[in-house]
Amino acid sequence: MADLVITRVFDAPRALVYRAFVDPDQLAAWFGPVGWSVPRDSVSIDPVTGGHQRLTMVSDDDPAQTSPVEATFLEVIENQLLVGEANGMRLSIEFHDEEGGRTRLVLIQGPYPDDVESMAREGWSSSFTKLDKLLG
């Protein structure tokens, strides 16, 4: 068992990257790996400590295949930190300023069994490719 750690730099200011995680319209536009969509009407976010994030990912190839997400925010610091928990797994997302108005995002999620960690990494990487397009 190990935590997944991903560091990614986005070519957008920190407040915009943070907003993409807490604004339901934006989250629906990018969340989930390529091949999956998040219907806007499935998204509910209350980005405060003790608040929630709920959404359902739907397979583009087989809409009967869904993956619901129901998380509770354990800590929220606007434009800096989101910490949540879902299904016994913890997720921490830090937002840091980088030179040139860019943002360094540090994501820590887990614990994962070793054989699942690589799939989760691919999923986040694919999602972040969609987020890059949204922010661009």
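Which residues touch the most other members of the largest nonpolar core? I started my notebook with that one. Of the 33 residues in this core, the answer is F21, W30, L82, L105, L107, W124 and F128. Buried means under 20% relative accessible area, exposed is over 50%, and partly exposed sits in between (1.4 Å probe, protein chains only).

A note on what I'm looking at: this is a predicted model, where local features need pLDDT of at least 70 and side-chain atom pairs count only at pLDDT 80 or more, while totals for chains, interfaces and linings use all residues. Residues are numbered from 1 along each chain as its sequence is written, and side-chain values use heavy atoms, with hydrogens and water left out.

**Aromatic pairs**

Next I looked up ring pairs. Rings of Phe, Tyr and Trp (its six-membered ring) pair if their centres lie within 6.5 Å; planes under 30 degrees apart are stacked, over 60 edge-to-face, and the rest tilted. The whole structure has eight such pairs. One of them is Y18 with F95, edge-to-face at 5.4 Å centre to centre and 75° between the planes. Y18 sits in helix α1 (residues 14-22) and F95 in strand β7 (residues 89-98), 77 residues apart. Helices (H or I, at least four residues) and strands (E, at least two) are DSSP runs, numbered from the N terminus. Y18 counts as buried because its relative accessibility is 5%, and F95 is buried at 2%.

I also checked F21 and W30: their ring centres are 4.9 Å apart and the planes are at 70°, so this pair is edge-to-face. F21 is buried at 4%, and W30 is buried at 0%. Ring pairs join F10, Y18, F21, W30, F31, F95, W124 and F128 into a cluster.

**W124 and Q26**

Then I listed contacts, meaning heavy atoms within 4.5 Å. Leaving aside neighbours within four places in sequence, W124 is in contact with L4, I6, W30, F31, L91, L107 and Q109. By that same rule, Q26 is in contact with L16, R19, A20 and L134. Q26 lies in helix α2. Is Q26 buried or exposed? I get buried, because its relative accessibility is 17%.

Key:
A nonpolar core is a set of buried Ala, Val, Leu, Ile, Met, Phe, Trp, Tyr and Cys residues joined through side-chain atoms within 4.5 Å.
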